[in-house]
Amino acid sequence: MAAAMATQGERAVLEEEFKWLLQEEVHAVLRQLQDILKEASHRFALPTSGSGGAVKQESFVLSTSGTDQVKGVMTLQGDALCQADVNLKMPRNNQLLHFAFREDKQWKLQQIQDARNHVNQAIYLLMNRDVNYQFKTGLEVLKLSRARNRLTTPATLTLPEIASSGLTKMFTPALPPDILVNFYINLNKLCLTVYQLHVMQPSTTKNFKPAGGSVLHNPGAMFEFGSQRYEVSHVHKVECVVPWLNDALVFFTVSLQLCQQLKDKISVFSSYWNYRPY
């Protein structure tokens, strides 16, 4: 009987501590999350609805150590590349080619748009939690994970998808048919990849094996576009760090750690009984 009463007493203490966790600590953490995510949202440098403020432009030099085959200067305005100047030195004859965005064109970086949208949705959810709200496995963590993943996991594209992208029509002079370009975000970096192509002749003895989707295709990758088959002969990747993207990633990481710590605490309590509030 004493052991049973002790067990009941321990359970009562645990239930009281669990209630305090749900009613007090959860909401303190959610308020902290809201503040952190607002700071992350500010880093995306876009005006809030109705503010009418102009988004500042930032120019970045894209380069890589050990090669001068490709150099680029990109101007980023929020989630859009509004200017791009690319110099490409052809390896065969050292001919220097120059391409720039047409003045009437901008290239939207979908990764930044998506990350910003997920953060704003998470903030909206947090702002609409009253004092009776109990933390669940739900949407805050999911939205945060998606926001971070959009910046850390670039889309995998096939070479025909890159070739048919609207990006190829943004440049003046027009890109030659043996050049492909792709822009993307990887973690805190803005990346530019330039593919030089070799036309595969019908008489070639090579077995044609079309490449699948990838973030970065290697030399030797083959694809068919239109009625022509191509092989990637050279790949050049240049990049630069975007400081405010780095800040946003830090905020995302801290927020996810807070969420995970809170979930772990709830899991410890709920493991003592079958009732699982999340």
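Biologist: Let's start with the rings: how many aromatic pairs does the structure hold?

Modeller: There are 5 aromatic pairs. Keep in mind that this is a predicted model.

Biologist: Take Phe-101 and Phe-183: what makes the pair edge-to-face?

Modeller: Two numbers. The ring centres are 6.1 Å apart, and the cut-off for a pair is 6.5 Å. The planes of Phe-101 and Phe-183 meet at 80°, and anything over 60 degrees counts as edge-to-face, so that's the label. Both Phe-101 and Phe-183 are buried, too.

Biologist: And why say that this pair ties together parts that are apart in sequence?

Modeller: Because Phe-101 lies in strand β4 (residues 96-101) while Phe-183 lies in strand β7 (residues 179-186), which puts 82 residues of sequence between those parts.

Biologist: Which residues form an aromatic cluster?

Modeller: Phe-44, Trp-244 and Phe-252 form one. Trp-244 is part of helix α5 (residues 243-270).

Biologist: Is Trp-244 buried or exposed, and how do you know?

Modeller: Its relative accessible area is 7%. Buried means under 20%, so Trp-244 is buried. Leaving out residues up to four places away in sequence, Trp-244 touches Arg-43, Phe-44, Glu-58, Leu-76, Gly-78 and Ile-112. The C-alpha atoms of Trp-244 and Ala-40 are 8.9 Å apart, though 204 residues separate them along the chain.

Biologist: On to charges. What makes Glu-39 and Arg-43 a salt bridge?

Modeller: The closest N and O atoms of Glu-39 and Arg-43 are 3.2 Å apart, and the limit is 4 Å, so the pair qualifies. Glu-39 and Arg-43 also join Asp-247 in a network of salt bridges. In total, the structure holds 10 salt bridges.

Biologist: Why are Glu-39 and Arg-43 separated by about one helical turn?

Modeller: Because they sit 4 residues apart in helix α1 (residues 2-43).

Biologist: And why do Glu-39 and Arg-43 count as partly exposed?

Modeller: Glu-39 comes out at 33% relative accessibility, and Arg-43 at 25%. Buried stops under 20% and exposed starts over 50%, so both values land in between.

Biologist: What does Asp-79 form a salt bridge with?

Modeller: One partner is Lys-108, with the closest N and O atoms 3.2 Å apart. That pair links distant parts of the chain: Asp-79 is in the loop between β2 and β3 (80-89), and Lys-108 is in strand β5 (residues 107-108), 29 residues away. Arg-116 also bridges to Asp-79, again with closest N and O atoms 3.2 Å apart. Arg-116 belongs to helix α2 (residues 110-127) and is 37 residues from Asp-79.

Biologist: What makes you say that the charged end of Arg-229 sits over the ring of Phe-208?

Modeller: The charged end of Arg-229 is 4.0 Å from the ring centre of Phe-208, and the distance limit is 6 Å.

Biologist: How do you know that His-217 is buried?

Modeller: Its relative accessibility is 4%, against a limit of under 20%, so it's buried. His-217 is in the loop between β8 (189-199) and β9 (222-225). A polar atom of its side chain lies 2.8 Å from the backbone oxygen of Leu-157. Residues that His-217 touches include Leu-157, Ile-162, Tyr-195 and Val-235.

Biologist: Last one: why does Gln-69 count as buried?

Modeller: Because its relative accessibility is 18%, and under 20% is the rule. Gln-69 is in the loop between β1 (58-62) and β2 (70-77). Its side chain reaches the backbone oxygen of Lys-89 at 2.6 Å, and the limit for a polar contact is 3.5 Å. Across the protein, buried residues make up 41% of the 278.

Conventions: Residues numbered from 1 in each chain as written. Predicted model: local features only at pLDDT ≥ 70, side-chain atom pairs only at ≥ 80, totals over all residues. Heavy atoms only, no water. Helix = DSSP H or I, 4+ residues; strand = E, 2+ residues; numbered from the N terminus. Buried < 20%, exposed > 50% of the residue type's maximum accessible area, 1.4 Å probe, protein only. Polar contact = N/O pair within 3.5 Å; in protein donor to acceptor, adjacent residues only side chain to side chain. Phe/Tyr/Trp six-rings, centres within 6.5 Å; stacked < 30°, edge-to-face > 60°. Lys NZ or Arg CZ within 6 Å of the ring centre and 35° of its normal. Contact = heavy atoms within 4.5 Å. Salt bridge = Lys/Arg side-chain N within 4 Å of Asp/Glu carboxyl O.
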